[in-house]
Amino acid sequence: DNSVAVITLGIGGRYNFVNNNDAIATGLGTDFAYIHTGLDGWSFNGTTLAISKRGSGLGDLLNPCIAKVSQTQEYTTVCESHFSPASCIQNKYSTGGGGGSTYFYDYPMNARTDSKACADGYCTCSE
C-alpha cells in the first residue's frame with residue numbers, strides 16, 4: 001500500500017532504538033530509513049526549547065538563562081537521573097561520565113571515518 005509512517009528521533013535515540021533490539025527497528029534499511037539532518041549538538045538537533053519569529057530577541061533572553069541553569073547542581077541531578085551523564089551538558093557537578101566521548105554519529109556526515117553504511121541505517125554521503 002502507499003501508507004507512510006514517520007517517527008522523529010535524534011541520532012542518539014535512533015542508535016538506542018536499534019541497539020535495544022526494539023522489534024520495530026528490524027525493518028531499518030529495508031522497510032524504512034533514518035534520515036539524518038546533519039545537525040549536531042543538543043540545541044541544534046531538533047530539540048525545541050522555544051519558538052519565535054526570527055529577530056524577536058527571544059534567544060537573547062533565553063540563552064543566558066539556559067547557560068546559567070545548565071551549570072547548576074539541580075540541572076545535573078535532573079539530567080543525569082533521566083539520561084546518560086555523557087549526554088548532559090558538563091559542569092562542575094557532573095559525575096564524570098561526559099566530555100571526551102565522541103560517538104560516530106556526532107561527526108558531520110562528510111567527516112565520518114566509521115564503517116557504517118546504509119545497510120546499518122547510517123548512509124554515507126557517497127551512497
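This is a predicted model: local features need pLDDT of at least 70, side-chain atom pairs count only at pLDDT 80 or more; totals for chains, interfaces and linings use all residues.

Student: Okay, how many disulfides does a search of the whole structure find?

Tutor: One, over the whole structure. Cys 79 and Cys 88 are the partners, with an S to S distance of 2.1 Å.

Student: And is the link of Cys 79 and Cys 88 left-handed or right-handed?

Tutor: Left-handed, at -100 degrees about the S-S bond.

Student: Are those two buried or exposed?

Tutor: Cys 79 is buried, with 10% relative accessibility. Cys 88 is buried too, at 6%. The cut-off for buried is under 20% relative accessible area.

Student: What about Cys 65, how does that one count?

Tutor: Cys 65 is partly exposed, at 43% relative accessibility.

Student: Let's zoom out. How many helices and strands are there?

Tutor: Three helices and zero strands. Along the sequence the pattern reads α-α-α.

Student: And how much of the protein is buried?

Tutor: Buried residues account for 17% of the 127 residues. The accessible surface is about 9500 Å², and carbon and sulfur atoms hold 55% of that.

Student: What share of the contacts joins residues at least 24 apart?

Tutor: It's 25%, counted among contacts between residues at least 6 apart in sequence.

Student: Back to helices. Which residues of H3 are buried?

Tutor: In H3 the buried ones are Tyr 75, Thr 76, Cys 79 and Glu 80. They sit on the same side of H3, because they cover an arc of only 110 degrees around the axis.

Student: Why would residues a few places apart point the same way?

Tutor: An α-helix has 3.6 residues a turn, so residues three or four places apart end up pointing the same way.

Student: Which exposed residues are on the face of H3 turned away from the buried side?

Tutor: That face carries Glu 74, Val 78, Ser 81 and His 82, which are exposed.

Student: And what covers the buried residues of H3?

Tutor: Helix H2, residues 58-69, is included in that cover.

Student: Pick one of the buried ones for me. What does Thr 76 touch?

Tutor: Thr 76 lies in helix H3 and is buried, with a relative accessible area of 2%. Leaving out residues up to four places away in sequence, Thr 76 touches Asn 91, Tyr 93 and Ser 94.

Student: Where is Ser 94 found, then?

Tutor: Ser 94 is in the segment after helix H3, which spans 73-82.

Student: Is Ser 94 buried or exposed?

Tutor: Buried, at 18% relative accessible area. Since buried means under 20%, that value of 18% puts Ser 94 in the buried class.

Student: And what is Ser 94 in contact with?

Tutor: Thr 76, Glu 80 and Ile 89, once neighbours within four places in sequence are left aside. Thr 76 and Glu 80 are both among the buried residues of H3.

Student: What lies 2.8 Å from a polar atom of the Ser 94 side chain?

Tutor: The backbone nitrogen of Asn 91. Asn 91 also turned up in the list of residues that Thr 76 touches.

Student: New topic. Where does Ala 119 sit, and is it buried or exposed?

Tutor: Ala 119 is in the segment after H3 and counts as exposed, with 70% relative accessibility.

Student: Last one: what is Ala 117 in contact with?

Tutor: Setting aside neighbours within four places in sequence, Ala 117 is in contact with Tyr 122, Cys 123 and Glu 127.

Conventions
Residues are numbered from 1 along each chain as its sequence is written. Side-chain values use heavy atoms; hydrogens and water are left out. Helices (H or I, at least four residues) and strands (E, at least two) are DSSP runs, numbered from the N terminus. Buried means under 20% relative accessible area, exposed over 50%, partly exposed in between (1.4 Å probe, protein chains only). Contact means heavy atoms within 4.5 Å. Accessible areas come from the Shrake-Rupley method with a 1.4 Å probe; for residues, only the protein chains shown count as cover. A polar contact is a pair of N or O atoms within 3.5 Å; within protein, one must be able to donate a hydrogen and the other to accept it, and residues adjacent in sequence count only if both atoms are side-chain atoms. A disulfide is a pair of cysteine sulfur atoms within 2.5 Å. The arc is that of the directions from the helix axis to the C-beta atoms.
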